[in-house]
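This report covers a strand arrangement and some helix packing. The sequence and structure are shown first.

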There are 2 protein chains.
Amino acid sequence: MLSVKELGINAKKASRALLTAKKEKNDALKNIADALVKNSEAIIKANDIDIKNGKENGLTDAMLDRLRLNVERIEGIANGVREIIAMPDPVGKVLSGNTLSNGLEITKVTVPLGVIGIIFESRPNVTADAAALCLKAGNCVILRGGKEAINSNKAIVEIMREAIFEAGLPKDCINLIEDTTRQSSIELMGLTDYLDVLIPRGGAGLIRAVVENAKVPVIETGVGNCHAYVDESADIEMAKEIIFNAKTSRVSVCNALETMLINEKIADKALPAIYDALKEKNVEIRGCEKTRAILPQCKEVSVEDYATEFLDYILAVKVVKDIDEAIEHISKYSSGHSEVIITENYKNAEKFLNEIDSSAVYVNASTRFTDGGQFGLGAEIGISTQKLHARGPMGLENLVSTKFIIRGDGHVRV
Amino acid sequence: MLSVKELGINAKKASRALLTAKKEKNDALKNIADALVKNSEAIIKANDIDIKNGKENGLTDAMLDRLRLNVERIEGIANGVREIIAMPDPVGKVLSGNTLSNGLEITKVTVPLGVIGIIFESRPNVTADAAALCLKAGNCVILRGGKEAINSNKAIVEIMREAIFEAGLPKDCINLIEDTTRQSSIELMGLTDYLDVLIPRGGAGLIRAVVENAKVPVIETGVGNCHAYVDESADIEMAKEIIFNAKTSRVSVCNALETMLINEKIADKALPAIYDALKEKNVEIRGCEKTRAILPQCKEVSVEDYATEFLDYILAVKVVKDIDEAIEHISKYSSGHSEVIITENYKNAEKFLNEIDSSAVYVNASTRFTDGGQFGLGAEIGISTQKLHARGPMGLENLVSTKFIIRGDGHVRV
């Protein structure tokens with residue numbers, strides 16, 4: 001078993017071959033897709049061990065379901081890789097250029113980031129997905145998955161390494177940390193000489209641990225304490241549908257709604273209608289005092305609730321005086337993921353769009369659209385909630401860096 | 001004296017006013033420039049205390065010179081601020097946009113980063129310069145300068161805070177950490193709730209300390225172990241002039257040359273010519289064995305020399321077999337700042353441009369051009385040597401983030 005540092009050295013070395021790779025990258029992706037399907041049986045066999053261990057270790061049915069691979073799911077993973085083949089190569093794009101008055105020709109071009117670390121939890125489909133996206137953008141990847149999926153991950157990575165080697169790329173473009181102790185995560189977070197960026201994919205606890213401990217550059221992803229503000233002028237029917245969709249269409253995801261703010265001038269009429277809709281899905285409403293005056297059956301909301309990403313059938317509700325109080329609340333509690341205003345008022349729509357500082361700000365649409373695929377950006381590696389480098393859904397075009405190329409003819413600086 | 005955390009809270013609050021500021025920003029910059037000139041006397045008086053303390057604490061003449069302010073230098077700082085007024089506002093630029101098949105209108109626009117921390121050493125001109133650039137891009141700034149310049153910095157920041165207040169912006173858009181102990185730096189590096197990015201400006205020691213300790217996102221700047229490779233086909237006269245310029249025109253800066261690699265087929269003829277030119281400026285050559293066979297008077301180079309940013313009249317020299325050995329050496333030792341090939345061979349020029357992974361890669365020009373002003377990007381906040389967010393000279397356009405704006409009409413995700 002190679003140490004994290006050894007994997008770093010190998011990846012950095014392999015990354016040089018990817019700097020100039022073009023056709024080989026798509027060849028490698030095609031090989032990966034084919035090899036995953038061809039070796040389904042071996043993958044499922046390895047996955048069976050993970051499932052067996054998971055049952056023994058008391059994983060919930062939901063967790064076991066996320067962990068489980070079958071022929072159909074492996075086919076799905078392979079198809080995901082094939083979609084990446086069809087996407088344009090993000091490397092080698094000329095972003096800008098100029099010939100200076102002294103004759104120096106300067107161009108700014110996209111280049112691979114280099115070596116990307118991904119720390120993720122138990123879903124083994126992330127393994128192939130993340131490796132394929134990184135590869136397409138010319139990056140080597142070091143994967144550190146959860147211990148629950150280690151046998152599946154080992155099988156998938158071994159198949160991918162063989163597949164890319166047959167396409168003429170070094171196996172070390174794709175690396176798996178087989179040690180799933182806490183120590184290996186810590187080592188990966190400190191690998192400043194070899195890692196260009198670390199992307200954690202998982203729950204709030206994982207993200208926080210990485211942000212606290214990493215010495216390498218990190219892109220924070222995926223924590224979504226999302227808000228809706230129902231303005232005085234909102235179409236109540238529209239508000240009801242958007243809130244219902246944002247809260248209940250999939251509660252466990254980062255773009256799901258967690259808090260609704262509602263203007264006091266419309267609360268009397270709108271709150272009962274929204275409540276009735278949410279009742280269908282047994283959503284628990286936790287309301288402020290004014291909410292409870294209208295809906296006495298609600299639980300009382302706490303300050304902690306406002307700060308919580310429930311990922312559950314729970315919605316915090318606060319009646320606000322005006323849009324300013326709504327913006328104030330969101331600025332205080334939001335994780336900067338996605339927020340929406342529901343309004344028919346042009347000025348308030350523009351005010352909300354300008355003054356809310358989140359990765360995706362909506363007027364009259366569900367926050368559930370915040371997603372690379374939905375935005376037409378293609379497969380995503382995560383949704384950045386930080387402001388550096390990439391913000392919002394991150395696709396291939398965010399997995400590159402740039403460099404300046406300068407062509408001269410004996411130019412010296414005077 | 002406010003704590004670092006209090007400054008963070010104040011800055012984050014003030015940053016909301018800057019989200020939508022347009023004309024006020026230039027008004028504030030004009031006020032800053034005027035106020036600095038008008039209050040030159042007070043600034044110089046404060047600076048005199050720093051100079052007196054510096055002398056007592058044994059600062060070198062060079063350090064005292066960097067610290068010293070006079071009427072002319074303050075005029076220069078004010079003119080720097082006025083140049084920023086003339087530059088285009090980087091905020092509110094629409095980068096891309098699309099109407100999806102479901103009718104959702106998505107645009108990606110530039111927004112301020114939020115709150116930027118700058119840790120720098122003793123030059124008080126950085127204080128006004130960095131604050132003005134941050135302000136123009138809609139960001140609040142928290143400045144942590146060196147203790148040598150604390151009195152100058154306090155005077156400059158107080159004047160700037162008054163000046164922006166008169167333009168209708170909160171004073172807390174510009175903040176100075178008055179505590180110059182190590183503890184205040186550590187606190188700033190951990191200010192995850194309030195700081196969007198931290199930019200260290202200074203020597204390798206400072207940069208390393210920040211990278212090692214920061215929990216907030218960091219942009220690494222300014223360490224330049226720059227290389228030149230003199231190819232077999234190089235024009236020797238051109239090589240001599242570029243090497244001379246890159247090494248000697250200003251030895252203390254990050255874009256100065258530190259190591260020269262030279263093809264063995266041209267070394268016999270080129271090395272003596274280059275040596276003679278560098279002798280004029282008493283440059284010490286530290287050579288490999290083959291270099292010393294040609295120039296026996298040279299000192300022996302060490303592995304540490306190859307890894308060192310001398311910032312002095314010293315040049316490490318290595319004779320290499322071919323361009324591949326040169327690229328290999330650079331990949332191993334470079335800090336990723338600036339590298340140049342001197343060649344008349346088209347294939348080798350392209351190979352070098354493609355395979356060298358640095359922020360600026362040159363053919364036949366001095367590395368000394370790596371600079372925001374020289375590249376036509378305007379004033380720079382630093383030269384990034386990392387690959388995330390910004391790489392190479394960073395101007396106003398790198399001091400912003402983006403957000404997605406989505407306009408719908410009751411859209412829900414199915």
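## Sheet in chain B

The model is predicted. In chain B, strand β4 (residues 140-144) pairs with β5(B) in the parallel sense, over three bridges. Within this pairing, B:I142 has B:N175 of β5(B) as its bridge partner.

These two strands belong to an open sheet of four strands in chain B, ordered β5-β4-β3-β6, with parallel pairing. The edges are taken by β5 (174-176) and β6 (197-201) of chain B; each has a single partner strand, so one side of each lacks a neighbour in the sheet. From one strand to the next, the twist averages 20°.

## Helices across the sheet

Two helices of chain B lie across strands of this sheet. Helix α6 (residues 125-136) of chain B lies across β3 (115-120), β4, β5 and β6 of chain B and runs at about 160° to β4(B). Helix α9 (residues 204-213) of chain B lies across β3 and β6 of chain B, at about 160° to β6(B).

## A helix pair in chain A

In chain A, helix α3 (residues 40-56) packs with helix α7 (residues 150-166) at an angle of about 160°, and their axes are 7 Å apart. Angles over 145 degrees count as roughly antiparallel, and α3(A) and α7(A) are therefore roughly antiparallel to each other. The crossing of α3(A) past α7(A) is right-handed.

On the α3(A) side, the contact is made by A:A42, A:I43, A:A46, A:N47, A:I49 and A:D50. On the α7(A) side are A:N151, A:S152, A:K154, A:A155 and A:I156. By class, the contact of α3(A) with α7(A) has six nonpolar, three polar and two charged residues.

Conventions. Residues are numbered from 1 along each chain as its sequence is written. Chains are lettered from A and ligands numbered from 1 in the order in which they are written. This is a predicted model: local features need pLDDT of at least 70, side-chain atom pairs count only at pLDDT 80 or more; totals for chains, interfaces and linings use all residues. Two strands pair if DSSP finds at least two bridges between them. Axes are lines fitted to C-alpha atoms, for helices over the stretch in contact, and angles run from 0 to 180 degrees between N-to-C directions. Two residues are in contact if their C-beta atoms, placed from the backbone, lie within 7 Å. Angles under 35 degrees count as roughly parallel, over 145 as roughly antiparallel, 65 to 115 as roughly perpendicular and the rest as oblique. A crossing is left-handed if the near helix is turned anticlockwise from the far one by less than a right angle, and right-handed if clockwise. Ala, Val, Leu, Ile, Met, Phe, Trp, Tyr, Cys and Pro count as nonpolar, Asp, Glu, Lys and Arg as charged, and the others, Gly among them, as polar.
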